[in-house]
Amino acid sequence: MAERNLILAFETSCDETSVAVIEDGTKILSNIVATQIDSHQRFGGVVPEVASRHHIEWITRCIDQALTEAGVDYPDLMAVAVTYGPGLVGSLLVGVTAAKVVAWAHHLPLIPVNHMAGHLYAARFVGEFKYPQMALLVSGGHTELVYMPKEHEYEIVGETRDDAAGEAYDKIGRVLGVNYPAGKTIDEWAAQGQDAFHFPRAMEKEDNLDFSFSGLKSAFINTVHNADQRGEELNKYDLAASFQQSVVDVLAEKTMRALDQYPVKQLILAGGVAANHGLRDRLDHDMAKYHSNVTMLQAPLKLCGDNAAMIGAAAAVDYRHGDRAAWDLNAVPGLMFDRAKE
Amino acid sequence: MKVLAIDTSNHPMSVALVEDEQLLATTTLNMVRNHSIYLMPTIDNLFKLVQWTPADLDRVVVAQGPGSYTGIRIAATTAKTLADTLKVALVGVSSLEVVARNVLPTSDQVIVPFFDARRGNVFAGAYQWQDSRLVNLIEDQHLAMTTLLDQLGRVDRPVILLGHLTKRIQDQFDDLPANVSLAPRAYGIPSTYQLALAGEDRPAVQAIDPFVPHYLRITEAEANWQKLHPGENRQNYVREV
């Protein structure tokens with residue numbers, strides 16, 4: 001039995017190969033992240049087979065470096081954890097396979113971790129979690145409101161019916177000539193422009209907690225194309241600001257409505273799009289105004305993207321609840337939290 | 001020397017434990033199921049049967065491709081991670097060579113193992129036993145089945161094809177050239193005992209980190225990109241952040 005509570009965590013669900021060592025579920029001893037962004041920028045988005053090939057090139061370097069940087073060795077570890085979904089199947093398989101091998105070789109328990117729970121637990125590095133809790137998880141692949149009545153219980157109460165918010169950023173980024181991932185640049189441009197175009201706020205007034213971003217994306221693309229045909233060039237800062245205002249309005253309003261319907265002690269903001277300054281500022285403002293009794297934890301900027309530290313933090317809780325994978329663990333690309341019963 | 005040999009290049013999944021050239025245990029599944037599910041339990045089970053612990057291992061030998069991209073990645077990820085984490089020797093052997101070894105060393109035929117690579121293409125190489133050593137005559141490559149048969153028809157000696165002749169490969173041609181024959185299907189199933197023997201006295205890889213499968217094809221996305229960007233020769237597109 002190891003004396004220290006150390007978890008070696010793996011994350012390879014998309015285009016980052018990451019391995020981390022986490023102590024007591026809250027302390028990052030190392031968090032190695034090898035990103036493939038430069039590679040996929042050649043193609044304007046993540047190409048799954050290319051991503052899988054990069055993961056296998058980097059997996060053992062990331063493991064070795066994570067241990068070295070943490071100053072620990074295999075006998076010090078308590079468990080191994082790995083993202084087994086959701087994500088790209090070929091990418092997930094490299095992490096799942098490597099994690100199984102390390103756990104097997106050193107007689108360690110293996111903890112299967114849901115990538116979305118991982119994103120949520122990035123916020124655990126900011127402060128303690130209090131339940132019941134609501135989370136707004138926004139990334140390139142997901143946009144969902146997750147209700148947690150207590151620790152280790154997740155229910156989706158709202159989700160996107162088409163594109164994820166981050167996906168919409170990448171698609172309109174392409175129209176503006178911004179390469180994937182476009183979120184950061186659009187966020188910066190938005191800060192320098194005005195909401196001049198008043199794009200639609202989809203489903204904003206509907207009495208549910210779901211999202212839709214494909215209508216906004218189409219309205220944006222039509223606006224730009226129509227101007228192109230007239231030979232008119234629109235102000236890119238105003239376009240970015242108008243798009244972002246529409247996204248942020250819908251995300252913030254649905255989140256406030258979720259908090260009206262579900263009395264919680266805490267709101268978590270996490271996922272790649274949680275790094276968006278427009279969204280962070282808006283939620284700060286709205287929470288102070290409408291839900292000042294609910295505390296908010298925003299995932300740290302450098303842990304909003306995919307990383308293994310967040311997987312290790314989630315795994316520490318999963319481990320306490322007895323989650324263990326057998327050697328037949330497989331990647332589950334479509335893994336989802338359950339939808340809450342209506 | 002205690003050797004673990006793994007091959008998940010195609011439909012068959014095979015694992016063997018070999019000690020000093022003796023086969024101790026082997027399992028082959030040929031059910032077209034998911035190698036990711038069955039590989040680790042199979043390894044675990046065989047280790048229990050022969051009463052080895054992971055730390056006993058001296059060497060991992062893996063069929064490095066060509067084959068199904070996902071398949072060769074599962075075997076290569078398993079092998080390189082195991083070698084790295086236990087600090088043991090790692091050897092990669094051509095997945096086609098493993099199949100070629102099913103032919104007796106007394107044969108002097110040209111041995112041509114092949115795998116279906118879809119769209120009428122195959123992965124294939126040419127091997128021959130010379131003085132009890134299996135020599136690679138033509139290196140493993142990706143080519144159209146029709147091109148392969150044209151080339152084999154011009155060889156001035158008997159050629160034996162080893163592999164599973166799927167319908168989509170069969171549809172590519174009418175008859176085999178006169179000097180070419182197809183081995184019974186059993187000869188196309190890889191034996192990881194043969195793989196272990198092939199890898200036992202071969203030098204281990206110098207560095208484990210760069211060890212990757214032999215895909216023999218760049219991805220379609222990269223091929224298209226290279227056409228549009230001639231002369232771009234950046235090697236490494238991944239960086240630590």
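**View 1. A:Thr35 stands opposite B:Arg239 in strand S11 of chain B.** In this predicted model, local features need pLDDT of at least 70, side-chain atom pairs count only at pLDDT 80 or more, and totals for chains, interfaces and linings use all residues. Residues are numbered from 1 along each chain as its sequence is written, while chains are lettered from A and ligands numbered from 1 in the order in which they are written. Strand S3 (residues 27–35) of chain A and S11(B) pair in the antiparallel sense through two bridges; pairing requires at least two DSSP bridges between the strands. Helices (H or I, at least four residues) and strands (E, at least two) are DSSP runs, numbered from the N terminus.

**View 2. The side of chain B that touches chain A.** Contact joins 32 residues of chain B to 37 residues of chain A, the criterion being C-beta atoms, placed from the backbone, within 7 Å. At least two residues of this side come from each of H1 (35–50), H2 (69–86), H7 (220–228) and S11 (239–240) of chain B. H2(B) supplies the largest share, 13 residues. By class, the side of chain B comprises 16 nonpolar, eight polar and eight charged residues; Ala, Val, Leu, Ile, Met, Phe, Trp, Tyr, Cys and Pro count as nonpolar, Asp, Glu, Lys and Arg as charged, and the others, Gly among them, as polar.

**View 3. The two domains of chain B.** Domain 1 spans 2–95 + 190–218 and domain 2 spans 103–188, with bounds from an automatic or database domain assignment. Their C-alpha centres lie 24 Å apart. Six residues of domain 1 of chain B are in contact with six of domain 2 of chain B.

Definitions and conventions
Two residues are in contact if their C-beta atoms, placed from the backbone, lie within 7 Å.
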